[in-house]
Amino acid sequence: KKKKKKKKKKKKSLDFLITNNPIHCNRPKAYFTDAWQVFDFCIVTLSLLDLYVLRSINFHATTLRAFRVFRIFRAFRTFRLLHKFEFLRLLLDLVLESIAEVAWLTVILLIFMFMFATLGMSLFGTSISRLDNPRGKWKFDTLFSAMMSVFILITGDAWDSMLYDAVDATGRGAIIYFIVVICFGTYIVMNLFMAVLISHLRVDNTQEKFLLEDCVTYAKELRMQKHSNGDSLTKSECLMRLVMKLERVEYLMKHRQNQREGKHSRDKSKLEGISFGIFTPTNAFRRKVHALVTHRAFDICVDLIILLNCGFLAADEPKTDKYNRQLFFIADIIFTTIFATEMLLKIIALGCFPQNFCGKRKWKKVSDDEAMARWTWKAHEVIMRLTPIRDVFSSQGPMLAIEAIESNDGYQLVHAVGMGEQNYRILFKDSEFVTAYLWCDIDKGVWREWNKLTTGDKKGDDNKNGASGNINGNINGNINGNSNDNSNDDENNNGNEHGDEQTDKLRDVCTSFDMSDYHHNAYLESNWNRLDASVVCIAVIGVGFPQISFLKSLRAFRPFRIMVRIDQIKVVIGALMRAIPAILTTMLFCILFWFVLAILGMGWWSDKFNTCIVPDTNANANANANATASIDPSIALTWDKQTCLTNHLEWRSSTYNFDNVFQSLHTLFIISSRSNWNDIMYQAIESSGKGRAPRADHHPLAALYFIIVMILCSFFSLNLIVSVLVDNFNRIKAEKDGSAFQTEAQREWVKNHSLLRRIALKPNATPPKQKLRKLCFMLVEHSKFEPVVVILLLFNALTMACQHYQQSHQWEQVLSTFDAVFVVLFAIEALIKIIAHGFR
């Protein structure tokens, strides 16, 4: 017997990504191994079938006519766009992961609908459909119609009308059926969809989720890259770059939080940049203005003026007479002038723009991977030269360039990290080392100049030559380990004020939290100031053009200025603003579903939601007005288009229809909001064709489309948006120690209070010395005292519930007696507790 050889699966290591790249495989990649290509093949096959086969068949005589709808499914190819965007790709992956659980939830929903549909058929049967004037078209005659009625109940649409129809048909006992369906269906089964989505949604793991896929793509690019001499990259070079890419991505994911904390913990009172191009940070006038706008009294005065302005806005009503309107206009000019002056003073003190447009030095981020690899080796070489021999292998290790920026005048700044988690900022001039900075305080984001020199390789040379920690060394000092040449004389001659200013600018870039020369304290750097400035500018334009009513109506946004000045409100709005990008991206993801469903609705019901309408005789005073007034509108609804126009009536489309893509999206939104969507569904069921009158139960299977729309658009899409919002708020709470709605001081207080509450000891109560108080104290502290009080409270609640409409006089006296008794008992309880424990 031949021994069967076991096949070993190849591990997807970094070496596997390089050597087994699809570009360099001997045989091409199979077409049907990609799920998207299989999807495209099915869509193209159906399109060819529709184009060349089904056209030659008499569709009026065969059931193959229904297959023509498959051409509409070509719209599903738009989902391939999701792989072009990272967040949309994440959402698609999460949706695919949750499909299995959502499918089982759908099965549970169908079972629930089947159970209560059969129960509704046995309870109501044909009694609702036999009503003279039913409030809707729902019924329980057949299993399908009963399941549709139960589904309408679950969505909460027109459930009260269906309830009244059931009560009119069978009696008040039907109320129990509807309460059970709504409670279990709406509040339990439907909310499970959101629970499933929240359990799968982890937006923070975006890069980790698709790291392997990105590595495969990057490995393909590496195999196609070549050196300047035309040679391809070797396998070891590709592996090294791939390793550095992975480590760089992982470190940046952790480093973003430190950058956010560094932005919030910076010195916000520091003067930066040149305001209006003339006011430097050392200007005396600018310093005085800065002291004014940062004073606490200045903010209090502005807040009071904003509140006073809100009062004037509330008093300015549309029915105000002409004289008072002029007074309000003058007050509006005064308030606008004050707010514009406030904004001008803040711009003078803080500067307007975060970026200096007039500066000669411009920084650009290095994005080329080959350049990052080169700066990694240079950073490693510099740190190894500056580090004593005894610390090379114990703490430093190899360097990795995380970020790098270059200026137009030859400066390069590299952020490197070592194996010991040491962070360095290394400054180069034309690729020659200038100085290095060490991250000393991670919590506060403090960088200090780090020039540690060694001239010998032996340990004994350390004491002789020294490892001088020159923290305050000159940024232009030459610390390459070589002797200074004659060029230093020229540098010393240029050590003027301009050189000092350039040195300070370079130092600011090297020690900034985001490696930039932005003025983060500038007025327009803050989103709150941008919002404030927008409101002020709109107010100025509104005063200049009072005849434009639209600008005048925008004054309603002025009270928003007082909201952004309260720290607690700013925290809440800030958390919401941080969640808005994810919400907008999720809405774009959901719109793709809606767009495809809208195209399907257009293909099936375009120009089929038209009915014959009797026009208004008051609006159409013509010769046929008297004739049309005598036509019964219910009879006109049964006419087709030709009969309708012959009788001089209007063949009008319904308010919600599928005539074009915009109307289809509007209709889908109405359906997803669960507002009278059953009327639209029954219109589709009764549609019989273009120009034809609606017929009852003509296409009952059309209800399946609306069930799918309700599940995808309402239960799934809208809950997905809510899930993303909840996930973002949970992430913000985790970043802020469990709360997204507290300031820094409030979080510190809560932490200390929680700690004190854990270790606090509750002392035992000491009985009083007086006999009466001691007796009351022993009674109150008895173990059966509180249970007796609770029983009395329950009996009091029962007696209060016994009151009813048209009760007898004797029963009213009995309830009044019980009420008086309980009031006396509760008063005695309070008196005993006061005597026992005292007032304080």
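Colleague: Which residues do ring pairs link into a cluster?

Modeller: Keep in mind that this is a predicted model. In it, ring pairs join Phe112, Phe116, Phe124, Phe140, Tyr177 and Phe178 into a cluster. A search of the whole structure turns up 26 aromatic pairs.

Colleague: Take Trp594 and Phe669. Why is that pair called tilted?

Modeller: Their ring centres are 6.3 Å apart, and rings count as a pair if the centres lie within 6.5 Å. The planes meet at 45°. Stacked needs under 30 degrees and edge-to-face needs over 60, so what's left is tilted.

Colleague: And what does the pair tie together?

Modeller: Trp594 belongs to helix α22 (residues 567-605) and Phe669 to helix α26 (residues 661-672), so the pair ties together parts that are 75 residues apart in sequence.

Colleague: What makes Trp604 and Tyr705 edge-to-face?

Modeller: The angle between their planes is 85°, and over 60 degrees counts as edge-to-face. Their centres are 5.6 Å apart. Trp604 sits in helix α22 and Tyr705 in helix α28 (residues 703-735), so this pair ties together parts 101 residues apart in sequence. With a relative accessible area of 25%, Trp604 is partly exposed, while Tyr705, at 7%, is buried.

Colleague: How do you know that the charged end of Arg425 sits over the ring of Trp447?

Modeller: Part of the test is distance: CZ of Arg has to be within 6 Å of the ring centre. For Arg425 and Trp447 the distance is 4.2 Å. Arg374 also has its charged end over a ring, that of Trp375, 5.8 Å from the centre.

Colleague: Why is Glu449 said to have no salt bridge?

Modeller: The nearest side chain of opposite charge, Arg507, is 4.9 Å away. Glu449 is buried and lies in strand β6 (residues 446-449). Its side chain does make a polar contact with the side chain of Thr435, at 2.9 Å, and the limit there is 3.5 Å.

Colleague: Why is α4 called largely enclosed by the rest of the structure?

Modeller: Because 11 of its 13 residues are buried. Among them are Met147, Val150, Phe151 and Leu153. The helix covers residues 143-155 and reaches 18 Å from its first C-alpha to its last, close to the 18 Å expected. Just after α4, Gly156 takes a positive phi of about 80°.

Colleague: How far is Phe151 from Thr186?

Modeller: Their C-alpha atoms are separated by 9.7 Å, though the two are 35 residues apart along the chain. Thr186 is in helix α6 (residues 174-189). At 14% relative accessibility, Thr186 counts as buried, since the cut-off is under 20%.

Conventions
Residues numbered from 1 in each chain as written. Predicted model: local features only at pLDDT ≥ 70, side-chain atom pairs only at ≥ 80, totals over all residues. Heavy atoms only, no water. Helix = DSSP H or I, 4+ residues; strand = E, 2+ residues; numbered from the N terminus. Expected span 1.5 Å × (residues − 1). Buried < 20%, exposed > 50% of the residue type's maximum accessible area, 1.4 Å probe, protein only. Phe/Tyr/Trp six-rings, centres within 6.5 Å; stacked < 30°, edge-to-face > 60°. Lys NZ or Arg CZ within 6 Å of the ring centre and 35° of its normal. Lys, Arg positive; Asp, Glu negative; His and termini not counted. Salt bridge = Lys/Arg side-chain N within 4 Å of Asp/Glu carboxyl O. Polar contact = N/O pair within 3.5 Å; in protein donor to acceptor, adjacent residues only side chain to side chain.
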